[in-house]
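This report covers the arrangement of strands and helices in one model. Please read it alongside the sequence and coordinates.

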Amino acid sequence: MSLILHYHPLSSFCWKVLIALYENDTAFTPNIVDLGDPESRGLFAALWPVAKMPVLEDKARGSVVPETSVIIDYLDLHHPGPVRFVPGDPDRARAVRLWDRIYDNYVQAPMQKIVIDRIRPEGQRDPFGVDEARKLLTTAMAIVEREIAGRTWAMGDDFTLADCAAAPALFYADKVMPLAGAYPEALALLKRLKARPSFSRVLDEAEPYFQYFPGG
């Protein structure tokens with residue numbers, strides 16, 4: 001297979017690309033990267049020096065593609081399937097990309113700040129930063145809750161790039177700031193996403209690794 005996905009099964013941003021691959025049943029070779037292992041990290045950094053997952057490698061085209069939204073654009077262009085993740089209509093595409101950014105930057109990013117702080121040693125934690133992250137996450141979730149009311153998927157009837165971003169963002173946001181009660185629309189969308197075969201498969205594959213997610 002020409003496509004290789006360098007990723008980790010517990011990573012929320014890796015889930016975003018896995019969902020897109022599974023939606024269209026796109027053939028690829030998975031390569032799990034262990035950033036804690038010097039050899040694994042070194043090989044990955046040689047491919048992409050920033051060493052942030054995921055990265056898609058396309059051997060047939062000689063391409064190394066980082067960044068989740070760019071990877072999904074690449075799949076739309078060079079490995080298309082029944083689901084087109086970014087609509088052809090320019091205005092619709094802009095709206096989808098906006099919501100992709102909202103889920104990545106204002107839901108996932110503060111969620112990760114909160115989670116990373118949990119695994120820092122005592123004395124190195126950042127309570128002010130965590131408080132700011134919670135405020136941003138609360139603001140973002142209020143926007144999400146308002147905008148998705150009455151929609152089947154993140155942008156309406158069609159499954160898009162925004163849903164690939166929403167699924168991991170809402171799943172992990174629910175772990176640090178439970179959606180039940182305050183965000184019923186977001187919780188309902190998360191339930192629909194979890195029932196979708198592509199995301200259900202991602203969750204099944206991540207199950208053995210959930211023991212490493214810092215709770216509390």
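The sections below take the basis of the values, then the sheet, then the helix packing.

## Basis

This is a predicted model, in which local features need pLDDT of at least 70 and side-chain atom pairs count only at pLDDT 80 or more, while totals for chains, interfaces and linings use all residues. Residues are numbered from 1 along each chain as its sequence is written, and side-chain values use heavy atoms, with hydrogens and water left out.

## Sheet

An open sheet with mixed pairing is formed by 4 strands in the order β2-β1-β3-β4. Strands are DSSP runs of E with at least two residues, helices are runs of H or I with at least four, and both are numbered from the N terminus. Two strands pair if DSSP finds at least two bridges between them. The edges are held by β2 (29-32) and β4 (63-66), each with a single partner strand, so one side of each has no neighbour in the sheet. From one strand to the next, the twist averages 20°.

Strands β1 (residues 3-7) and β3 (residues 55-58) run antiparallel and are joined by 4 bridges. H6 stands opposite V55 in β3.

## Helix packing

Helix α2 (residues 38-47) lies across β1, β2, β3 and β4, at about 65° to β3. Axes are lines fitted to C-alpha atoms, for helices over the stretch in contact, and angles run from 0 to 180 degrees between N-to-C directions.

Helices α5 (residues 127-147) and α7 (residues 184-195) pack at about 75°, with axes 8 Å apart. The two, α5 and α7, are therefore roughly perpendicular (65 to 115 degrees). In the contact (heavy atoms within 4.5 Å), M141, V144 and E145 of α5 meet P184, E185 and A186 of α7. The residues of this α5 and α7 contact divide into 4 nonpolar, no polar and 2 charged. Here Ala, Val, Leu, Ile, Met, Phe, Trp, Tyr, Cys and Pro count as nonpolar, Asp, Glu, Lys and Arg as charged, and the others, Gly among them, as polar.

Conventions
Parallel < 35°, antiparallel > 145°, perpendicular 65-115°, else oblique.
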